Every structure is written in structure tokens, then in C-alpha cells.
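The text below walks through a two-part model, from the separate chains to the place where they meet. Please keep the sequence and the coordinates open while reading.

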Amino acid sequence: MMLRAGRRSRAAKPAVWGTALAAGAALVISAPQAFANTDTVTRYVYDNGNTNNYIDALQLFYNSDTGGATAMFTGDVNDYAGYDDHCDDNTVCEHIYVFSSSGSGAGQRVKNNAASAYNNSIYHDFTVYYYSGWTGPSQTIPGPYHVGNPLNFNSTLKNENASQKAF
Amino acid sequence: MHKIALRQALAATGAGCLLVMLSACADHSGVQPSTASAPPSSSAGTTTASPSEPGPDPVPKTGLTKGMVLPLEAYMENYSERRAISNAEGKLEIACMARYGFSWAPPSAGSPPPGYDDANMARRYGLSDPDMAAKYGYKLPDETPPPSQQPMSDAEIIVLTGSLRPSPHTVPTPPPYHGKAVPPGGCAEESIRKIEPAPRRSADLTLPSRLDAESLDRSKATPVVQAALKAWSACMASKGYTVATPFDAMDLQSSPSGRSAGGQGISVAVADVSCKEKTGLIKTWFTAESSIQQQQIEQNQLALQAVREQLDASVKAAAATAN
């Protein structure tokens, strides 16, 4: 399901949106605001697609010990801020990653906000990087499928997590 | 001794030799080969990923981080060790699944990460290789998505993992499959326990990377690194880019969240690395960090030793499984 609503300018980014998102809500939620500038559509998403198979995703949590709202990412993510693509020839679709489902932190941006992670993958290891573009120091969250082993980000990575690599 | 050999020896001989070798590490500038000697490697730590699996260089071979190894890296699980452990666990999982009549096999690994371990030397201070910057910008050479799993039946998933949905808090107890008991957590948990015996993770395996991240922050605050960062920033300004640190450089690309290796991305990346070379930022930063990490090792010696010993035990078990 996809809700497309808002067209807005880049100048008016809401820092938080969707705090009332319910568990099981749509994977893609668009900003419900209308602005004069019509060249960008913003979508708030809490995964990077292809996560129907939950046994192959890194799950990030807003709180420590896998608590609070969550977001899921498969494969490589070069920036937890989000990504842009084109809706059509004249419109840029800006996707912003936020924590969703229920719990504390729902609607907050993912980048630099995750406190813990769980490797849902039964076969892939993940490394989370301090900075975007796989730069800075990092923390590897090993697979395969460390059942019962939630992993808090180390204290410095807790508020500095910006990209991920699966291998 | 060449740095690569030094690293292998460090990994191979565990924490014991590290005590001996700390003084040798203490005076390195990051690019000078250490003269320390190490016992011949004879135990865990030398197991590597399959030769057919390409991986990151243990020590960067090119660019501005060439030859640089941080002291804490000796205590971190590295790419070769992780792959050896994963491969061994995969092998056990295949055998376990076969007991239940499933011809399941894990997909092959995805493209390797840029760094050999959590220190991520190749991109620790942002981009560091002028040739890579000119070719790929801020992107990785290989961004092919990792291979995905072939579709699995529910029964297959339950036998492999113990449940249809993994839980971070409990090891699920699956029902018998065709009258045959399935181990708690399924074949995956059984296999992991053989390589990384319970109580798994009794040592704080995140300690080396935690200290390593702290050292980046602490070193960044030192006057010498601050001065180097200012020089780098001024160099970037002279090329038309307003940016405070290398970690912000990729945000100079055209959109706030879209990344592209084309056009300006390449230009920024080339300027970024060129200014690092001109100002000596990486060498300055690395030297400051090396000193801080030696202090951290002295202050956390026993805990770090415990981590390395646990990793060595896992790698040794993985090697035994492979043979």
C-alpha cells in the first residue's frame, strides 16, 4: 500500500512525522503537506524494500535492548538518511527513513538515532558505520542468525549510525 | 616484519604475544614496518576465507592509508575470521538440514565491506584512495546486492531457525518435524553453538570496536587533529567547497539523500582526497589515534585479551569443522 499525498519544497522538512503510526502500517507514507514547490515528493519509509523476507534484514531499534520503534534494512545502505529517485520526469521522490510501527521513537529519523540492532539474517553479516558512505569506525553485527543475541550499539555508535554493509 | 605478517602473527598467537609486542607497536608511525618478532603461527587465527572469496586487504595497499594498522585491530574479529566462522556454521547447517531431508544451502556472501575489520582503515577518515575517488566517487566499487535466499517453505524455515519469525529475546523451541526432534533455535542455533560455544559472547566482543570508535572521537578533539582538519577545510574552500570535516564531504553532492558517483560526486571525492594528501590530515590523525589506542590497550588489557582468546577459540573450531 502506498499513500501519496504531499508535494512540498525542500525548505520545509518536518523533523518528525508519523508519531502515531500504528503497527503494521503501510511501508511507504508520504508527507501529507502541500507546498508551492511541486518538484519533490517526500515519502517516509521504514525499510528499504525487499524486506518481506524478514530472515534477511538488519533490524534497527530506537531504544537499547531492541526496544521501541523499529526499521529494517536488507543489503547495503549508504545513508540511513534516505535516498532520492525520480517519480517521473518532472518529480523527484525523496525517501526518508524513519522508525515506524509502534513504540517510542516512531516517526523519528533513523540516521544517528538507532540504539540497538538485531541481525535477522540467517546467513548475512552486517556492519554498521559511524558515518555515511561506509566511512568512519564501524561495528559488525554477525550472523548467521544469532538467536537470542540482541546487540546494543556500542556507546559511541549509539547516536552515530549512518550506513550499513551486508556481506 | 611486514605489517601483514605482523597482523597475521598477532591474530595467530593471540593476546599473549601482544603483551610482548606492545612496545614494538608503540613507536610506529603507521607506515613503518615493525621490527618486532613473533612466534610462528601455529594455532587459530590463520584460517582465512575461501581463496575464491575476494576480501578487503588486511592492511590497505593503496592510497593515503597504505600500510596503516591501528593497535586495537589486533583484538577485533577480522573479515577472514568472520568468513571462516560463517562458512563453518553454514557447513554444519547444511548437514543438519540434510538430517531432516532438506537440501538447503546458504547463499554465497555478498560483496566484501571496504574495511578488513571494524576499524575500517580504508575509509576510516573518509575516502583515502585517489584512484578509487576518481573512479567511484563515494560509492563502493561493487554495490551488487548480496545474493538472496532461494524461497524456503515454512517447514524449512522452522527447522533452520526454530520459528517463522526470529526473536531477539528467546531461542525458540520448535515442534518435532515428521516425528524427529528439532534442536532449540533450529539447525542454525545448533551450528552456531558448535563454533561459538555457549555461553556465547561471554566476553564483551564489542569492546575493541567501542574503544576504537572512542579513539576516533578523542583524537578528533586534539589540537593537532583540529589544526589538520582546519587545513583540510581551507584546502576544500580553495576548491569551492564549504565543508568542515571529511565525513560531511559526501553531503556536498547534489541532493540531501540521493547519492551518485557521477558528476559532482567524483569532483568532490577527488578534491577531498587531494586535500587530505596536501594537508597530511590522515597521517596526523592516524598518529594521534595510535597513541590513544596504546593507552586504551594498557587500560583494558585483560578484557581485550579475553575477547581475542574467545575469537581465537571460535576460529579454531571453525578450522576443525572445515577439515
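Predicted model: local features only at pLDDT ≥ 70, side-chain atom pairs only at ≥ 80, totals over all residues.

Residues are numbered from 1 along each chain as its sequence is written, and chains are lettered from A and ligands numbered from 1 in the order in which they are written.

Chain A contains 12 strands and 0 helices, where helices (H or I, at least four residues) and strands (E, at least two) are DSSP runs numbered from the N terminus. Of its 167 residues, 62% are buried, meaning under 20% relative accessible area, with exposed over 50% and partly exposed in between (1.4 Å probe, protein chains only). Chain A exposes about 5,500 Å², and carbon and sulfur atoms supply 49% of that area; accessible areas come from the Shrake-Rupley method with a 1.4 Å probe, and for residues only the protein chains shown count as cover. Contact here means heavy atoms within 4.5 Å. Among contacts in chain A between residues at least 6 apart in sequence, 69% join residues at least 24 apart.

Chain B has 11 helices and 0 strands. It has 323 residues, of which 53% count as buried. For contacts in chain B between residues at least 6 apart in sequence, the share that joins residues at least 24 apart is 78%.

How do the two chains meet? The size of an interface is often given as the accessible area lost when the parts come together. Chain B and chain A bury about 4,500 Å² between them, with 59% of it on carbon and sulfur atoms; this buried area is the accessible area (1.4 Å probe) that two parts lose on being put together, summed over both. In contact across the interface are 68 residues of chain B and 52 residues of chain A. The count between the chains is 1 salt bridge, defined as a side-chain nitrogen of Lys or Arg within 4 Å of a carboxyl oxygen of Asp or Glu. B:Arg82 forms a salt bridge with A:Asp125, and their closest N and O atoms are 3.4 Å apart. On the side of chain B that touches chain A, two or more residues each come from helix H3 (79-99), helix H5 (154-161), helix H6 (186-195) and helix H7 (207-220) of chain B. H7(B) gives the largest share of that side, 8 residues.

H6(B) is mostly covered, with 8 of its 10 residues buried. Among them are B:Cys187, B:Ile192 and B:Ile195. The cover over the buried residues of H6(B) includes H3, H5 and helix H11 (301-322) of chain B.

B:Thr321 lies in helix H11 of chain B. Why does B:Thr321 count as buried? Because its relative accessibility is 18%. Leaving aside neighbours within four places in sequence, B:Thr321 is in contact with B:Ala88, B:Lys91, B:Leu92 and B:Ile195. B:Thr321 and B:Lys194 are 127 residues apart in sequence, yet 9.2 Å apart in space, C-alpha to C-alpha.

How values were computed:
Heavy atoms only, no water.
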